[in-house]
Amino acid sequence: MKKSALHIARAAYQPKLPLGLRGNVSVKEGAPTESVADQEEIKKLFPNTYGLPLVEFVPSEEKKEYPAINVGIILSGGQAPGGHNVICGIFDELKKQNPANKLYGFLMGPGGLVDHDYKELTADIIDEYRNTGGFDMIGSGRTKLEKTEQYESGLKIIRELDIKALIIIGGDDSNTNACVLAEYYAAQNAGVQVIGCPKTIDGDLKNEQIETSFGFDTACKTYAEVIGNIQRDANSARKYWHFIKLMGRSASHIALECALQTQPNVTIISEEVEEKNMSLDDIVEYIAGIVAKRAAAGNNFGTILIPEGLIEFVPAIKKLIAELNDLLAVKKNEVEGLSIAELRTWLSKNLAADNAATFLSLPEAVGNQLALDRDPHGNVQVSLIETEKLLSEMVGEKLATWKKEGKYVGKFAPLHHFFGYEGRCAAPSNYDADYCYALGASAGQLIANGKTGYMAIVKNTTAPAAEWVAGGVPITMMLNMERRHGEMKPVIKKALVRLDGAPFKEFAANRETWAEQTAYVYPGPIQYFGPTEVCDQCTVTLRLEQGK
Ligand code: FBP
């Protein structure tokens with residue numbers, strides 16, 4: 001691999017570890033835990049992994065002897081900056097425990113475990129990837145681990161490679177599956193531990209125990225850099241309205257964080273749209289109102305941030321998707337093999353009247369996306385829906401109507417952008433490089449201490465890294481029962497933007513000023529070398545959430 005100068009310089013960066021993971025480590029165990037809701041049902045479903053205590057790693061005087069073990073890892077789901085550092089953190093921790101320990105990477109996601117596709121990760125491979133972005137060391141995939149045959153096939157290769165523990169690095173769905181797998185192997189007395197690790201740029205895998213998911217920091221900083229660049233261009237040329245769709249499948253954390261970092265003229269937060277029961281037309285009217293107001297002040301330009309999951313939060317569309325999910329799952333046999341035109345006709349007859357009307361009112365391409373292409377976890381592939389174009393078209397139409405009515409609307413020239421894949425493999429910021437490395441080391445310690453059904457966590461990350469606190473949380477503690485495809489399932493509760501939370505409140509207190517004035521902030525590119533106030537800051541979201 002030909003290396004850039006940054007790649008070479010960055011390889012020498014030694015991620016900082018919390019004090020508790022630096023030397024000899026001992027474990028502090030808390031009281032038994034409960035799931036966040038539906039305790040009786042979750043306890044019944046996870047008899048072997050329910051109620052375990054929280055654990056924290058603290059410095060110790062005693063040097064422990066660790067028997068040699070083999071460990072397997074899987075990268076699951078969408079890429080997120082810092083994944084390689086999790087693997088490096090696991091590798092270094094395992095080698096620190098016992099140089100004879102071995103690490104195997106299953107290739108291209110959970111499918112690699114099922115299909116027995118793997119490679120041993122040796123020091124020379126690991127060193128190539130220190131502090132780099134991407135998941136290309138072993139690749140990732142979205143195969144859902146949910147069937148007994150898959151667990152058994154996995155067990156076969158686990159036995160063959162004499163693997164003692166499996167680490168699944170993934171988002172809420174993948175960690176839910178890790179929990180189910182941990183319970184399955186525990187119930188079988190298979191002697192295989194399963195540990196999860198919180199990954200996703202979307203930032204929606206967080207709760208009392210998980211401060212943030214890794215990759216969110218770097219992805220937001222990468223998007224904020226280009227949004228800032230666009231804003232500087234907009235403010236220089238003063239002739240375009242930029243509609244910018246941002247990744248984040250369901251939650252609007254990325255859009256909110258980017259808004260806090262760059263102060264654009266408009267930011268739509270899906271969770272607010274749902275809460276206020278806004279229709280698509282309400283959103284369009286809101287945006288058009290700001291366009292017209294700025295035009296009246298001579299500003300025929302601006303920036304608009306749109307979360308990619310917006311469409312799913314417009315209440316009428318959410319209701320439609322819920323029925324589509326159930327209907328397409330229950331009537332699978334009837335719809336299999338239908339062409340898209342036939343499926344549209346079938347749906348217009350089989351959906352409830354109000355949902356059918358919503359379905360048919362949507363532009364055909366959007367309706368088709370909702371009815372068709374789900375990922376293996378059943379998610380609507382919102383990254384493929386061009387919400388930014390849909391909204392700008394509708395805003396253009398609204399402004400044209402207002403113009404006909406005699407209202408001054410100025411000139412409206414929209415441009416479209418989608419920032420998603422551009423940020424998922426960026427070289428991790430110092431925050432993500434350190435956070436991921438510590439998560440990896442923490443996962444290694446959870447294994448050494450015989451834990452299963454746990455997720456590695458690192459807390460207090462708004463403080464300097466030495467003061468971070470590493471440990472583990474039983475995954476069952478984060479579960480609740482939710483309806484998925486017509487059935488109640490135990491799942492990790494997804495963290496959406498809280499409208500009563502400090503980040504949203506900060507945004508809401510300022511958005512009117514940002515709409516009318518041109519109050520852009522230009523964050524510039526992520527800095528890896530330099531003063532700590534430039535290089536080592538966490539997200540504004542995390543800082544505000546922690547009242548810092
Ligand atoms: P994860 O939830 O697996 O981390 O993926 C997040 C994400 O980047 C979303 O923001 C986006 O909607 C989706 O992945 C895109 O998926 P794909 O990579 O399959 O196109």
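**Entry 1**

I took contact to mean heavy atoms within 4.5 Å. Helices (H or I, at least four residues) and strands (E, at least two) are DSSP runs, numbered from the N terminus.

I note that the model is predicted: local features need pLDDT of at least 70, side-chain atom pairs count only at pLDDT 80 or more, and totals for chains, interfaces and linings use all residues. Residues are numbered from 1 along each chain as its sequence is written, and side-chain values use heavy atoms, with hydrogens and water left out.

Two strands pair if DSSP finds at least two bridges between them. For strand E8 (residues 241-246) and E11, which run parallel, I found 6 bridges. Within E11, His 417 stands opposite Ile 244.

**Entry 2**

I checked several pairings in turn. Strand E3 (residues 70-75) pairs with strand E6 (residues 163-170) in the parallel sense over 6 bridges, and Ile 73 has Ile 167 in E6 as its bridge partner. E7 and E12 run parallel and are joined by 2 bridges; here Gly 196 has Met 455 in E12 as its bridge partner. E12 also pairs with strand E13 (residues 469-474), in the antiparallel sense and over 6 bridges. In that pairing Val 458 stands opposite Ala 470 in E13.

I recorded the cover on strand E12 (residues 454-459) as well: 5 of its 6 residues are buried. Buried means under 20% relative accessible area, exposed over 50%, and partly exposed in between (1.4 Å probe, protein chains only).

**Entry 2. Thr 33**

I located Thr 33 in the loop between E1 and helix H2 (39-45). Is Thr 33 buried or exposed? Its relative accessibility is 8%, so Thr 33 counts as buried. A polar atom of the Thr 33 side chain lies 2.6 Å from the backbone oxygen of Leu 52. Not counting residues up to four places away in sequence, Thr 33 touches Tyr 50, Gly 51, Leu 52, Pro 53, Leu 54, Pro 474 and Met 477.

**Entry 3. Helix H20**

I examined helix H20 (residues 430-448), which has 19 residues. From first C-alpha to last it reaches 27 Å, close to the 27 Å expected at 1.5 Å a residue. The expected span is 1.5 Å times one less than the number of residues. Because 18 of its 19 residues are buried, H20 is largely enclosed by the rest of the structure. Just after H20, Gly 450 takes a positive phi of about 75 degrees.

**Entry 4. Salt bridges**

How many salt bridges does the structure hold? I find 25 salt bridges, each a side-chain nitrogen of Lys or Arg within 4 Å of a carboxyl oxygen of Asp or Glu.

I looked up Glu 545 and Lys 206, whose side chains meet in one of these at 2.6 Å, N to O. Glu 545 lies in helix H23 (residues 540-545) and Lys 206 in the loop between E7 and helix H8 (216-237), so the pair ties together parts that are 339 residues apart in sequence. Glu 545 counts as partly exposed at 38% relative accessibility, whereas Lys 206 is buried, with a relative accessible area of 13%.

In the salt bridge of Glu 272 with Lys 276, the closest N and O atoms are 2.8 Å apart. Glu 272 is buried, its relative accessible area being 8%.

I ended with Lys 293 and Glu 516, a salt bridge with its closest N and O atoms 3.2 Å apart. This pair links distant parts of the chain, 223 residues apart: Lys 293 is in helix H11 (residues 280-296) and Glu 516 in helix H21 (residues 502-516). Glu 516 counts as partly exposed, at 40% relative accessibility. I also noted one network, in which salt bridges that share partners join Lys 16, Asp 434 and Asp 536.

Definitions and conventions: Polar contact = N/O pair within 3.5 Å; in protein donor to acceptor, adjacent residues only side chain to side chain.
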